[in-house]
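Here is a short report on some surface features of a protein chain. Have the sequence and the model at hand as you read along.

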Amino acid sequence: HIFPSKKDGLPFLKDRYQILELIGKGGYSEVYKAYDVREHKYVACKLIQLNENWPEEIKQSYLKHTIRENSILQQLNYHAIIKLYDTIEIDENSFCNILEYCSGPDLALFIKQNSFISEKIARIIIYQ
């Protein structure tokens, strides 16, 4: 993987975030549960890797969108929206967003396991 260093056999990011386990994966990103050794708390590390074969204009467009999204997230302060703590550049095609860690079940897995969701449960999920 892309993490530049290891301590105690586990990957480390910027000598601060000890990567513990993969908790989610999408088209261009992977999300890991990590431990912030400076703040002594769990965080989520969203590792985003741009396709190195993309034309430069597509990379720049994606980065522009991501920078805007990060700027918005940093300004939000609402209990139902995770906090963005930091963004770390790894290399020219990879960076990592350090986010508030939310424990609990994965919504996608919950929906897969429950083909029918009652209106009451759907309202609770939507509210969150």
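Glu21 sits in strand 3, which covers residues 17-25. Please keep in mind that this is a predicted model. Leaving aside residues up to four places away in sequence, Glu21 touches Val31, Tyr32 and Lys33.

How exposed are the residues picked out here? The table gives the relative accessible area of Glu21, Glu52 and Leu76.

| Residue | Relative accessible area | Class |
|---|---|---|
| Glu21 | 42% | partly exposed |
| Glu52 | 60% | exposed |
| Leu76 | 39% | partly exposed |

Glu52 counts as exposed because its 60% relative accessibility is over the 50% cut-off. Glu21, at 42%, is partly exposed, since that class runs between 20% and 50%.

Now for the patches. Glu52 belongs to a patch of negative charge on the surface, together with Glu56, Glu57, Glu89, Asp91 and Glu92. Two elements, helix 1 (56-75) and strand 6 (84-91), each give two or more residues to this negative patch. Glu52 itself is found in the loop between strand 5 (41-49) and helix 1.

Leu76 takes you to a surface patch of another kind, a nonpolar one of about 500 Å². Ile72, Tyr78, Ile81 and Tyr127 make this nonpolar patch along with Leu76. Look for Leu76 in the loop between helix 1 and strand 6.

Technical notes
Residues are numbered from 1 along each chain as its sequence is written. This is a predicted model: local features need pLDDT of at least 70, side-chain atom pairs count only at pLDDT 80 or more; totals for chains, interfaces and linings use all residues. Side-chain values use heavy atoms; hydrogens and water are left out. Patches are made of residues with over 30% relative accessible area and no salt bridge: like charges are joined within 9 Å, nonpolar side chains (Val, Leu, Ile, Met, Phe, Trp, Tyr) within 5 Å. Accessible areas come from the Shrake-Rupley method with a 1.4 Å probe; for residues, only the protein chains shown count as cover. A salt bridge is a side-chain nitrogen of Lys or Arg within 4 Å of a carboxyl oxygen of Asp or Glu. Lys and Arg count as positive and Asp and Glu as negative; His and the chain ends are not counted. The place of a charge is taken as NZ of Lys, CZ of Arg, CG of Asp or CD of Glu. Helices (H or I, at least four residues) and strands (E, at least two) are DSSP runs, numbered from the N terminus. Buried means under 20% relative accessible area, exposed over 50%, partly exposed in between (1.4 Å probe, protein chains only). Contact means heavy atoms within 4.5 Å.
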